[in-house]
Amino acid sequence: MTEQILILDFGSQYTQLIARRVRELNVYCEIHPYNNFPELTPNIKGVILSGSPCSVRDEDAPYLDFDKFRKIVPILGVCYGAQLMAQLLGGDVKPSQHREYGRARLEIDDEDSSLLTGLSTTSQVWMSHGDTIVSIPENFHIIASTESVKVAAFKIENELTYGIQFHPEVTHSTEGKQLMHNFVVGICGCKQDWTADAFVEQSISSLKAKLGKDRVVMALSGGVDSTVAATLVHHAIGKNLFCIFVDNGLLRKDEYDQVLESYRDMGLNIKGVDAKDLFYSALDGLSDPEAKRKAIGKAFIDVFDQESHLIEDVKWLGQGTIYPDVIESVSVKGPSATIKSHHNVGGLPDFMKLKIVEPLNTLFKDEVRLVGKTLEIDPTILGRHPFPGPGLAIRILGEITPEKVAILQEVDAIFIGGLRKWNLYNEVWQAGVMLLPVKSVGVMGDERTYESVVALRAVTSVDGMTADWAHLPYDFLAEVSNDIINKVKGVNRVVYDISSKPPATIEWE
Ligand SMILES: Nc1ncnc2c1ncn2[C@@H]1O[C@H](COP(=O)(O)OP(=O)(O)OP(=O)(O)O)[C@@H](O)[C@H]1O
Ligand SMILES: O=c1[nH]c(=O)c2[nH+]cn([C@@H]3O[C@H](COP(=O)(O)O)[C@@H](O)[C@H]3O)c2[nH]1
Ligand SMILES: NC(=O)CC[C@H](N)C(=O)O
Ligand SMILES: [Mg+2]
């Protein structure tokens, strides 16, 4: 079994970042809710306790029985995790005079502490807390302080148990990486052998064992996740993998043919299904965003259901689910409030009777890209911007018609083509165009026009959870706007969306 660090989540907004930092060290880790974590097996080399929005002083504060792993494996408590240990073991935690949020200088009291080895004497750390540990149990030993926090880091004597008030996982803690290395490698003794190559090798062999000679059906979107997942499964079972790519009539211009061709070049057994009419009729008359999303989700399921019945004796459904999707559904906070119903084939109805295989469900997006690179997948596929499953339907505000789709495809192709031409494509995280249900007056060749408005959208982001509008050069915007209005009939005005997320979202519906 792969060596791992267990991260227990108390609901901190930074828990995923802790996992990122551990994995950057080529050490595998998993996040589990503090109140539902797995049995301690020998492959678990250490435990990290996350921060939390809760206070240990709250009556119903999240509680943990440390004895399940204390003195068995090393423990690092971060913020709430540290406060909880101090409180439960006989110390005292009180509200601080004022909330401390921001940078602080760490003064290391104990030069010999293996947790703080290699950090500079006044290391910059990031604080985010309202409570402070005011007294510690006798066997606790302070190993670092800041000007306002006496117990900024502690160690329990004769144990490999540590607590820190600051957050090493955020980049503002400039030597946080070193601290994580000290814990994960130095103290827990992890070997740092979890690499993309190792992942590929291991997952292909376990897929072989799991799937044997069974047949698997997979829906591919042309996006990164489903493509990488399918490639892994293909390496494991070859021709027993049946892939389906649906033309829902909501794809980008020429995308259907291009994607099919590149899948064929990759040697995948791929079937293109033209279901444009089905999707258009499902969308007919709908203009509410949620109603459109639901209709599309249902149409996808109908198509997959029908197609999978055509494959004799198929037993498995392969999916490109990635780790953030999994964390979201099991986290302490539970699935977050529905802002938009994401179309996801994860919600397949029971009547399909297929077992699910998800080879990427432990990886973050950039790890998926690294695995894709190891598998030698075309870099243009790996570098593609995200594109929503419901496609152009959620970029045409209001009712969908094939005519509107055709207009938007042309405009989108000019915008994306322009980004590539100006070498800006890789500078933005995602880009697309919205066709607005608004007409405005213009003048072309001395004649009055009364045509549609399109809004260009380009954002920078790390994970799509938050985003800023991309500050694209004016010259570029001028050229693209000119091209669009001259070349696309039906559009006489172009605007640029300068909203960030939050409070806006990336897509308009
Ligand atoms: N046109 C399509 N044809 C077949 N399957 C599709 C299509 N669009 C989406 N899917 C399926 O729905 C899943 C979710 O699609 P969506 O684009 O919303 O997800 P994603 O997280 O962006 O994944 P990916 O990077 O694989 O596109 C895909 O992984 C794929 O299995
Ligand atoms: O797989 C998906 N199915 C969907 O239904 C869907 N809706 C939005 N998106 C993409 O998610 C990211 C965040 O989008 P929003 O800021 O609009 O919520 C952006 O990258 C969006 O393109 C979707 N992806
Ligand atoms: N970031 C944290 O874990 C904060 C812990 C606790 N809620 C506090 O304010 O001190
Ligand atoms: Mg996609």
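Modeller: Start with helix α7 (residues 276–283) and helix α8 (residues 289–310) in this predicted model. Their axes come within 9 Å and cross at roughly 150°. The crossing of α7 and α8 is right-handed. On the α7 side, Leu278, Phe279, Ala282 and Leu283 make the contact. They meet Lys292, Ala295, Ile296, Lys298, Ala299 and Val303 in α8. By class, the contact of α7 with α8 has 8 nonpolar residues, 2 charged and no polar.

Now the domains. The domain assignment gives domain 1 (4–187), domain 2 (196–382) and domain 3 (401–496). Taken over C-alpha atoms, the centres of domain 1 and domain 3 are separated by 47 Å.

Next, the cores. In soluble globular proteins, nonpolar side chains tend to be buried together. The largest nonpolar core here has 72 residues. Val216, Met218, Val233, Cys243, Val411 and Val454 touch the most other members. Helix α5 (residues 224–237) gives the largest share of this core, 8 residues. Leaving out residues up to four places away in sequence, Met218 touches Ser226, Ala230, Val233, Leu241, Cys243 and Gly318.

Helix α2 (residues 80–88) is mostly covered. Of its 9 residues, 7 are buried. These are Tyr80, Gly81, Ala82, Gln83, Leu84, Met85 and Ala86. What covers them includes several strands: β3 (44–49), β4 (75–78), β5 (92–108), β6 (122–135), β7 (140–145) and β9 (161–164). Just after α2 comes Gly90, with a positive phi of about 110°.

Two other residues take a positive phi without being glycine. Glu376 has a phi of about 60°. It sits in the loop between α10 (365–374) and α11 (379–382). Glu376 has 9 other C-beta atoms within 10 Å, so it is exposed. Asp446 has a positive phi of about 65°. Its place is the loop between β15 (430–444) and β16. With 5 other C-beta atoms within 10 Å, Asp446 is exposed as well.

Strand β16 (residues 447–461) holds Glu451. Is Glu451 buried, exposed or partly exposed? Glu451 is partly exposed, because 18 other C-beta atoms lie within 10 Å. In sequence, Glu451 and Gly490 are 39 residues apart. In space, they are 5.3 Å apart, C-alpha to C-alpha. Glu451 touches Lys439, Gly442, Gly490, Val491 and Asn492, again not counting residues up to four places away in sequence.

Finish in the segment after β18 (491–496), where Pro502 is found. The peptide bond from Lys501 to Pro502 is cis, with omega near -20°. Pro503 lies in the segment after β18 too. A cis peptide bond joins Pro502 and Pro503, with omega about 10°.

Conventions: Residues numbered from 1 in each chain as written. Chains lettered and ligands numbered in written order. Predicted model: local features only at pLDDT ≥ 70, side-chain atom pairs only at ≥ 80, totals over all residues. Core = buried A, V, L, I, M, F, W, Y, C linked by C-beta atoms within 7 Å. Buried ≥ 20, exposed ≤ 12 C-beta atoms within 10 Å, placed from the backbone. Helix = DSSP H or I, 4+ residues; strand = E, 2+ residues; numbered from the N terminus. Contact = placed C-beta atoms within 7 Å. Domains from an automatic or database assignment. Axes fitted to C-alpha atoms, helices over the stretch in contact; angles between N-to-C directions. Left-handed = near helix turned anticlockwise from the far one by under 90°. Nonpolar A, V, L, I, M, F, W, Y, C, P; charged D, E, K, R; others polar.
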